[in-house]
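Here's a quick briefing to skim before you load the coordinates.

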Amino acid sequence: MSVAPGLQPESWHLLSLLEQAPGLQALGDTLADLADEGHPVVVGTADLKYSNGLVRFQDRHPDKYLQFGISEQHMVSTAAGLATTGLRPYVATFASFMALLACEQIRTDVAYTRQPVRLIGHHAGITLGFYGTSHHATEDLAITRSIAGLTVIAPADTAALAAALRASVDHPGPIYFRIGRGRDPDVYPAGTTLEIGKAVEHRTGSDLTLIATGSMVHPALGVAAALTADGYDVGVLDMHTVKPLDEDAVLKAARRSRLLMTVEEHNVLGGLGGAVAELISEHGVPVRLHRHGIRDQYSLIGPPTHLYRHYRLDAAGVEAEARDLLRTQGR
Amino acid sequence: MTAQTPAGPADRELIEHIEERAQFARLETVRLISIAKTGHYASGFSCAEILATLYYGVMRLRRGEPDWPDRDRFLFGKGHAAATLYPLLADWDFFDAAELDEYTRLGNAFGDHPDMTRIPGIDFSSGSLGHALSTGTGMALGGRLQGRPYTTFVLLGDGELHEGQIWEAALGAAHHGLGRLVAIVDRNDHSLDGRIDGVTGIEPLLDKWRAFGWQTHEVDGHDVSALLPLLRSLAEDTGRDRPAVVVANTVKGKGISYMESEFGWHLGWLAERDEANALAELRGAR
């Protein structure tokens with residue numbers, strides 16, 4: 001797409017947004033690489049190829065790219081039909097539409113039939129800021145977690161997304177990828193690998209372990225560093241795979257740490273916090289758990305960075321939340 | 001466009017065979033539902049000839065090879081009529097017919113709606129109305145992308161057309177020019193709550209499909225001598241640049257006099273005397 005003469009290139013909204021989103025560029029590029037390597041990848045979206053970066057896949061593999069128009073439910077069901085023919089469909093739309101609008105198609109056509117469809121819910125959480133509650137997705141982890149047979153992955157950054165996509169190619173069964181707006185700061189170096197279902201233990205700690213997923217991994221690491229400097233012993237787990245949960249990693253942290261705090265850009269009900277609460281209570285591990293996230297409410301509208309600050313989901317906010325927890329729970 | 005080609009003499013024997021298999025499917029439906037104690041009689045009866053024509057006269061299948069990659073696909077949008085399909089799949093040796101004797105019993109694969117993960121020959125699970133034209137679109141796209149020349153047939157109920165996703169798929173399949181996709185609408189004029197035109201009207205139906213970019217056909221859905229040449233011609237027309245729909249005019253409950261006249265038989269069960277009457281009618285018609 002070119003910009004008309006006389007107009008400023010940087011004012012061309014969607015393209016300039018994509019240029020600022022390495023994570024979304026990586027989505028299209030990694031899938032195109034996988035197709036180059038001979039994997040039977042087909043990619044589709046529902047009228048959002050500039051928003052999610054899949055235009056970059058289309059440029060390289062127009063014959064393996066499917067435009068569905070604004071028909072998310074149809075897209076998900078069609079992907080299930082495609083998968084029966086031996087292809088590996090990756091289909092993407094905003095997380096709110098993927099997990100909520102097409103929820104029943106995911107359950108009935110993709111998961112119940114065990115088809116290897118890869119569902120990509122992008123702009124998850126509150127990343128769509130002032131676009132409003134219709135475009136926020138703070139329920140998608142709870143919904144997708146409760147669908148039997150569906151793997152749920154929320155990579156922390158660009159490199160982790162690329163690694164997760166690579167790890168998904170030969171994964172049996174369906175996967176829901178929860179990603180943000182592609183602007184998460186780097187946690188991992190390019191070329192990192194990721195094992196589905198295996199948490200990344202960044203550090204261990206006896207006072208507190210932060211269990212974070214997706215966009216919250218980066219702030220959690222910063223918080224742990226700050227608290228450590230103050231003499232606390234703080235661990236961090238990157239729980240990129242929310243389902244199946246890495247139970248061993250959670251239980252190990254629960255037995256080592258006095259306090260656990262889950263951090264997620266999601267309702268505290270039913271997502272990562274819910275999963276950890278279910279696990280530790282079933283195992284009777286005597287640890288205090290604090291679930292940090294959106295506290296069962298519809299988020300305000302506003303610029304995303306302002307919302308993160310408001311909901312204590314930026315580094316300063318997560319740190320304040322953690323310090324509150326450490327203070328009220330003693331040393 | 002309506003099928004005009006009369007069946008040739010060579011097809012006469014085949015037509016009679018298909019008609020016999022349609023009645024067999026109805027008899028089996030009564031038997032299976034008598035095991036479950038409740039089920040969808042009338043929906044299966046309205047499409048018995050359509051199913052039998054597809055499975056004995058049109059679709060390219062290999063006996064005992066339900067996963068043959070080049071087979072024609074069949075998707076049952078109105079999956080609640082699956083009991084009428086299962087006996088035909090057993091006929092193709094996709095599974096042992098004796099498995100149907102435990103229809104719907106705990107742990108059995110065969111239920112009111114078909115499950116592709118447990119029943120060989122079911123090309124896609126169904127039950128939630130409105131999905132199958134999309135999943136069929138995926139199969140047709142997958143065939144085209146991989147150079148496999150099979151035809152994908154999707155049988156839809158007319159009440160099912162109330163679902164919005166059908167029309168998303170109608171747009172999408174036409175947009176992609178899926179000539180190997182054939183939808184068949186079992187227009188039996190009824191859904192659960194009554195006549196379609198009283199529940200939510202869908203007419204003029206052929207005009208709607210035509211406006212969505214589909215090639216349209218209309219046929220008597222119980223007349224095998226009309227169904228067979230029409231469905232064959234659609235399967236053999238490999239040059240078509242758009243999907244085709246066949247609106248098959250049918251009678252809900254076809255074959256059982258008291259079901260044909262009473263829409264309440266959408267879901268039900270037959271007490272002993274009613275079942276005996278039903279079987280007598282079906283056998284008498286053979």
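For 286 residues, a compact globule would have a radius of gyration near 19 Å, and chain B comes in at 18 Å, so the two agree. Keep in mind that this is a predicted model.

**Overall shape and fold of chain B**
- Laid along its principal axes, the C-alpha trace of chain B spans about 50 × 45 × 40 Å.
- Secondary structure here amounts to 11 helices and seven strands.
- Take the contacts in chain B between residues at least 6 apart in sequence: 76% of them link residues at least 24 apart.

- Buried residues make up 60% of the 286 in chain B.
- Carbon and sulfur atoms account for 49% of chain B's accessible surface, which is about 11100 Å².

**Annotated span**
- An unreviewed UniProt entry puts the feature "domain: Transketolase N-terminal" at residues 23-272 of chain B.
- That 23-272 span of chain B is 38% helix and 13% strand, and its end C-alpha atoms sit 20 Å apart.

**Helix α7 of chain A**
- Which residues of α7 (residues 103-111) of chain A are buried? They are A:Gln105, A:Ile106, A:Thr108, A:Asp109, A:Val110 and A:Ala111.
- From chain A itself, the cover over those buried residues includes α5 (72-84), α6 (95-101) and β4 (118-122).

Note on methods. Residues numbered from 1 in each chain as written. Chains lettered and ligands numbered in written order. Predicted model: local features only at pLDDT ≥ 70, side-chain atom pairs only at ≥ 80, totals over all residues. Heavy atoms only, no water. Helix = DSSP H or I, 4+ residues; strand = E, 2+ residues; numbered from the N terminus. Rg over C-alpha atoms; globule rule 2.2 N^0.38 Å. Buried < 20%, exposed > 50% of the residue type's maximum accessible area, 1.4 Å probe, protein only. Contact = heavy atoms within 4.5 Å. Areas by Shrake-Rupley, 256 points an atom, 1.4 Å probe, with all protein chains shown as cover. UniProt positions renumbered as here; feature names shortened; annotations may be inferred.
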